[in-house]
Amino acid sequence: MNRREFLFASAVAAAGLTGSAVPALAKQGRRRDKLGIALVGLGYYSTDLLAPALQLTKNCYLAGIVTGTPAKISKWQMKYSIPDKNVYSYSNFDDIANNPEIDIVYVVMPPSLHRDFAVRAANAGKHVFCEKPMAMTVGECESMIAAAAANKVRLAIGYRCQHDPNIQAYQAISRDRKFGAPVLLSSVAGFYDPRSNNWRQVQALGGGSVRDMGIYAIQAARMATGEEPVSVLAQASTTRPAIYKDVDETMQFLLEFPSGARASCMSSFGVEMNYLNVNYERGWLRMNPHSQYNGNKGDMSDGKVIDFFIANQQAKQMDDDCAAIMSRGKFIAPGEEGLRDIRVVEAVYRSAATRGLVTI
Ligand code: NAD
């Protein structure tokens, strides 16, 4: 076993996946020991987080780009040594089907475009990673899952937090009932967005604080209870009505879980906030922050802390997901997990629109 194979096998073992990935690669007749990823959409998240993380990954590398902005191409090609044959526009994107160097298409665009590009990628025979929020509606999520199944490719959501050992630790505390059952939760995620011309402020492009940040508040409540909410009561508000005409700047929503646990949640583009408080039957846990790129940490009523080191969340997320593809293991956050959150997002928006309780 050479060093790369050793590192890869170690990553698979660390991810708790069964079977050796290296033989699985051999079975697939591959010569490379890393999967090639093409990023679709070269905006902030691809530029500042994913491409740099792909310089640290063991199981995958940045093989290609798909962009609607030709001016970006030469800069990306030079910086990351991307050959001409691995550069696509939105219109010739489907030709990616004929490119054996691209194993995975990672959709990193405004949410309104996730479904179309994910389905096109699956139809091209490529595995799909898709950024959060998975799509605009439950129906869109279902069509993405169906397209992946029909083409026998895999679909994972870019839920970096679920790969963070600090988040996994609080999931385990609830699952193992360390302090008994969770009863009352407070879960918030937001940042102050000074922009006034971003897709996040346009409903048709998938804007709104719930889709962008509320997804983290929802996830934290779902992960801390280990349950799916059964009802939601939501109210939208804004302090900048001139900018937030089309979407919610801030949303407060109450989730009720089957066990009776309740989560008071908030998302916002007007407030810097990121914490999760869980009150259990016999104790409490606080994560502050709970869904940042790094530094997520917490403390508990027994005096213990949650503060694991993670070098790079996005690199770990992509390595974990590629290990799962290569070993035919399970994803931590498959398409079905993205759909669960969108089901709640839809209910939050329905409740805010009707000013009433919505049953999920
Ligand atoms: P961005 O606006 O910086 O980039 C979006 C990209 O899509 C740009 O390259 C833009 O040119 C392209 N695009 C194509 N068609 C477009 C259109 N009609 N309108 C606007 N842009 C268009 O956005 P971003 O912050 O990089 O977010 C992209 C995705 O990544 C979103 O789904 C977002 O939620 C997600 N994201 C995830 C995280 C995370 O922590 N997981 C963080 C930031 C963003």
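Which residue in S3 stands opposite valine 66? Select valine 66 in this predicted model and look across to S3: the residue facing it is tyrosine 88.

Now select strand S2 (residues 60-66) together with S3; the two run parallel and are joined by 2 bridges.

Next, go to the largest pocket, which holds about 870 Å³ of space. Its lining has 35 residues, and those closest to the centre are Tyr44, Tyr45, Arg200, Asp212 and Tyr293. Colour the lining by domain: domain 1 (3-157) and domain 2 (162-310 + 335-359) each contribute at least three residues. Then show helix H3 (44-53), strand S7 (182-192), helix H8 (209-225) and strand S11 (270-280), each of which supplies at least two lining residues. By residue class, the pocket lining comprises 16 nonpolar, 11 polar and 8 charged residues.

The structure holds 1 cavity of 30 Å³ or more, and the volume of the largest cavity is about 30 Å³. To display its lining, select Cys161, Ile167, Tyr170, Tyr216, Gln219, Ala220, Met223, His290 and Ser291. Helix H7 (165-175) and H8 are the elements giving two or more residues to this lining, with the largest share, 4 residues, coming from H8. The cavity lining has 6 nonpolar and 3 polar residues, and no charged ones.

Key
Residues are numbered from 1 along each chain as its sequence is written. This is a predicted model: local features need pLDDT of at least 70, side-chain atom pairs count only at pLDDT 80 or more; totals for chains, interfaces and linings use all residues. Side-chain values use heavy atoms; hydrogens and water are left out. On a 1 Å grid over the protein atoms alone, a cavity is a set of points where a 1.4 Å probe fits but cannot get out, and a pocket is an open set with protein on both sides within 12 Å along at least five of seven lines; lining residues have an atom within 4 Å of a point. Grid points are joined across faces, edges and corners, and a volume is the space filled by probe spheres set on the points. Ala, Val, Leu, Ile, Met, Phe, Trp, Tyr, Cys and Pro count as nonpolar, Asp, Glu, Lys and Arg as charged, and the others, Gly among them, as polar. Domain bounds come from an automatic or database domain assignment. Two strands pair if DSSP finds at least two bridges between them.
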